[in-house]
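This briefing is intended for a reader who has the sequence and the coordinates at hand.

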Amino acid sequence: MNNHGGMLPNQSGALPFDPSGRLPVHTGLTEVGFPRPGKAESRFDVNEIWRIIAKWWWLIAAIAVSCILAAIVISLMITPKYRAEATIEVNPEGVQVVGKMGELNPNEANDRGFINTQAGLLKSRSLAERVARSTNLANNPAFFEPDLPRAARDRGAAALVQGSVDILPQRESRLIGIRVQSTDPAVAARLANSYADNFIQTNMERRYEATSYARNFLQQRIAAVKAKLEETERALVAYAQRQNIVTLSVDSGGVNTTRQEQSIDAASLIALNNSLSQAKSDRIAAEQRYRQALSNRSTTDVLGNATVQSLTTQRAQLEAQYQQKLALYKPDFPEMVQLRKQIDSLTQGINQVTGNVSSSLRSEYAGAVARENALEAKVNALKGALLNLRGRSIQYTILQREVDTNRSLYDALLQRYKEVGVAGGVGANEVSVVDRAQVPGAPFQPNLPLNIVIGLFVGLLLGFGAAFAIEWVDDTIKVPDDLTGKLGLAPLGVIPAVGKGLAMRDELEDPRTQVSEAYQSVRTALQFSTEHGVPRSLLVTSTRASEGKSSTALALAQTLASLGASVLLIDADLRKPTFRGPSSTSPGLSSLLAGSESIANCLHPTQVERLFLLPSGPIAPNPAELLATGRFAEMLRELLEKFDHVIIDGPPVLGLADAPLLASNTEGTLMVIEAGAIRRAAALNAVNRLRGSDARLMGGILTKFNALKVGYGYGYGYGYGEDPYAYREGDEPKKQIELLKSA
């Protein structure tokens with residue numbers, strides 16, 4: 001239809017329909033390459049993190065400032081503490097042995113366990129009590145009341161010293177730090193130095209006591225082991241004489257040569273056992289060759305026989321001559337009969353030679369079995385003699401082992417006693433002071449800069465945690481990535497929110513506004529959704545009301561019309577229409593579905609060139625029943641013959657059956673979602689309902705998007721939830737958009 005009421009020709013040709021009245025499935029981008037909701041791979045999204053930070057920066061800053069102020073207040077309330085540190089060196093204790101030129105050198109070892117042991121001794125209660133006594137800490141009025149009992153002050157002083165000291169072994173070294181904390185700087189330095197001095201004294205006393213104890217202990221043990229060694233040697237000689245056991249000492253060989261006892265029968269048994277093992281291997285090999293010859297005549301021995309090879313060659317030559325002459329003569333020809341006899345004779349010869357080879361293998365196998373049996377009989381005979389000797393030598397071996405053990409123990413104790421006697425108590429002390437503690441000039445606690453940094457870190461951590469927790473709880477669709485990750489829809493565009501005091505109609509009329517450019521981008525994305533460009537018939541719907549679906553339908557219709565295409569905008573919301581017709585009783589979509597009007601009487605030109613409007617018509621009491629008939633598909637087919645594109649402004653999905661019915665008859669469906677206003681469950685339910693109706697979802701767009709702050713409104717003011725037929729005569733009509741030309 002042109003601007004004067006005439007019908008417009010179809011500029012792009014009609015789109016074919018299938019017999020069911022539905023449009024063919026296109027091969028565009030609809031739901032191709034985008035994951036279904038719940039199947040999107042979780043990935044680290046830097047843009048999402050920056051979006052959350054930019055949105056909640058004020059909350060993060062408030063929490064960080066609060067934590068910094070708390071850190072400052074706490075730092076000012078803490079009593080100042082001073083710290084002094086002394087450093088000592090500990091060397092692993094070793095036995096003093098006499099070196100070259102009579103010099104006494106310690107046997108050093110890098111024993112980490114020794115360092116840890118010394119650190120444990122430094123933390124001991126006995127050392128703390130000794131330090132408390134040497135510094136007279138119990139009589140210091142700054143720490144204890146003078147009227148307290150002496151025993152109570154001594155226990156308190158030891159507990160105070162033990163609780164204020166930190167022992168710090170340095171890694172990969174033999175240095176240990178003694179760090180003492182106190183409210184008095186002089187006391188801290190004095191306690192640290194006293195710890196080092198008293199530890200050196202206790203270490204010297206412990207070494208002297210240990211050396212004296214070791215000498216006495218070794219003397220007693222040497223006497224006992226010597227008596228035991230003499231007793232076991234006498235028992236060993238007596239048992240060997242009674243049992244007539246005579247052994248020969250042989251060298252074991254190798255780097256560390258030792259003497260071993262071995263009998264003649266044992267040596268013979270070892271040699272015969274090695275020969276028996278070789279005989280078994282030969283018998284197994286001969287048996288395998290023989291059995292292979294029995295089962296298959298084409299063995300290695302047969303094939304390697306010179307006679308067999310010669311006869312096989314001759315037979316092959318005769319076979320070749322026979323096959324060659326067979327093309328000229330028949331098999332009963334005398335010459336052919338003579339060749340066949342020669343071939344059979346050679347075959348018999350080959351079989352005879354093969355049999356001779358098998359007989360040879362059988363003889364070889366029998367000889368190997370006999371040799372194995374003979375060697376096994378000799379081995380068994382030697383085993384009996386050797387077992388008799390072994391039975392009589394069991395007690396001898398036990399006695400010999402006991403003699404060797406006692407002799408080794410006696411030699412070790414005697415050597416140890418000599419070392420202790422020569423070097424006991426000689427040598428340098430294993431503990432020495434490296435650095436003595438100095439009186440600290442300033443307290444180490446509280447550290448105001450460090451506490452401020454910690455407060456800032458904790459504040460940022462809590463702030464980020466609070467911001468991300470809020471975002472995690474809020475599962476609304478806020479950003480384009482949510483369309484893919486939460487709903488499985490292709491993001492086709494983002495429509496910015498209209499500023500205060502501006503109307504959507506005014507924004508759409510100006511092609512330079514952000515809203516107009518955003519809808520241009522959506523139209524461009526739709527051009528790549530099918531093989532032929534923008535879908536010929538496109539349903540625009542949303543989860544609930546007031547998400548911007550009507551504005552989107554109008555904007556897409558205007559942008560397509562501005563490109564020179566004839567576009568029809570259908571108001572398919574038969575309950576609360578958006579676009580105003582000539583009058584409230586003007587025929588429209590409901591009239592066409594009811595069959596009371598023709599298409600020509602229901603189409604109206606608009607203020608936009610090449611854009612026509614099909615209003616919803618009179619309010620019908622049963623919209624779903626009208627849309628469920630096949631009349632809508634037939635009507636859509638007729639309209640597509642007259643217009644290049646048909647944009648359908650449909651009702652919301654939730655609570656109604658209208659949108660799924662419309663979506664099943666259109667080439668594509670566009671989902672409009674208001675940013676930050678629709679929860680994932682509601683939007684996903686709407687998308688699943690459309691998919692269940694065989695809708696071809698092109699993707700989704702976000703409307704009312706604020707890049708700096710996404711709204712979180714949850715109002716459902718559309719009024720569809722209670723009754724689908726809630727509209728009655730006299731109700732306040734929904735605010736409509738005027739598109740028609742003035743008369």
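Is Arg 631 buried, partly exposed or exposed? Arg 631 has a relative accessible area of 23% and therefore counts as partly exposed. The model described here is a predicted one. The protein comprises 743 residues, of which 39% count as buried.

**Overall make-up**

- The protein contains 21 helices and 18 strands.
- Among contacts in the protein with a separation of 6 or more, 81% are made by residues 24 or more positions apart.
- The protein exposes about 40,200 Å², and carbon and sulfur atoms supply 55% of that area.

**Nonpolar cores**

- As a general background, nonpolar side chains in soluble globular proteins tend to be buried together.
- The largest nonpolar core holds 47 residues, and the members that touch the most others are Leu 614 and Leu 639.
- Helix H21 (residues 680–692) gives this core its largest share, namely six residues.
- Another core, of 33 residues, lies apart from the largest one; its members include Val 90, Ala 138, Ile 200 and Ala 437.
- When neighbours within four places in sequence are set aside, the contacts of Leu 639 are Leu 568, Ile 570, Ile 599, Leu 603, Leu 614 and Val 646.

**Strand pairing around S5**

- Strand S5 (residues 175–182) pairs with strand S1 (residues 82–90) in the antiparallel sense, over eight bridges.
- Within this pairing, Tyr 82 has Ser 182 of S5 as its bridge partner.
- Strand S4 (residues 165–169) also runs antiparallel to S5, and five bridges join the two.
- Leu 168 has Gly 177 of S5 as its bridge partner.
- S4 and S5 form a hairpin with five residues between the strands, and in this hairpin Glu 172 takes a positive phi near 55°.

- In total, 14 salt bridges are counted in the model.
- One of them joins Glu 402 to Lys 228, with the closest N and O atoms 3.5 Å apart.
- Because Glu 402 lies in helix H10 and Lys 228 in helix H6 (residues 185–243), this pair ties together parts that are 174 residues apart in sequence.
- Glu 233, Asp 404 and Arg 407 are linked in a network of salt bridges.
- Glu 364 lies in helix H10 (residues 334–423); its relative accessibility is 39%, so Glu 364 counts as partly exposed.
- Glu 364 and Arg 283 are 81 residues apart in sequence, while their C-alpha atoms are 8.7 Å apart in space.

- Asp 482 forms a salt bridge with Lys 486, and the closest N and O atoms are 3.9 Å apart.
- Asp 482 lies in helix H12 (residues 480–485).
- Why does Asp 482 count as buried? Its relative accessibility is 10%, and buried means under 20%.
- Lys 486 is likewise buried, because its relative accessible area is 18%.
- With residues up to four places away in sequence left out, Asp 482 touches Thr 476, Ile 477 and Leu 487.

- Arg 631, the residue raised in the opening question, forms a salt bridge with Glu 634, in which the closest N and O atoms are 4.0 Å apart.
- The two residues lie three positions apart in helix H19 (residues 631–642), so Glu 634 and Arg 631 are separated by about one helical turn.
- Glu 634 is partly exposed, with a relative accessible area of 39%.
- Arg 631 is partly exposed at 23%, because that value falls between the limits for buried, under 20%, and exposed, over 50%.

Conventions. Residues numbered from 1 in each chain as written. Predicted model: local features only at pLDDT ≥ 70, side-chain atom pairs only at ≥ 80, totals over all residues. Heavy atoms only, no water. Core = buried A, V, L, I, M, F, W, Y, C linked by side-chain atoms within 4.5 Å. Buried < 20%, exposed > 50% of the residue type's maximum accessible area, 1.4 Å probe, protein only. Helix = DSSP H or I, 4+ residues; strand = E, 2+ residues; numbered from the N terminus. Contact = heavy atoms within 4.5 Å. Areas by Shrake-Rupley, 256 points an atom, 1.4 Å probe, with all protein chains shown as cover. Pairing = 2+ DSSP bridges. Salt bridge = Lys/Arg side-chain N within 4 Å of Asp/Glu carboxyl O.
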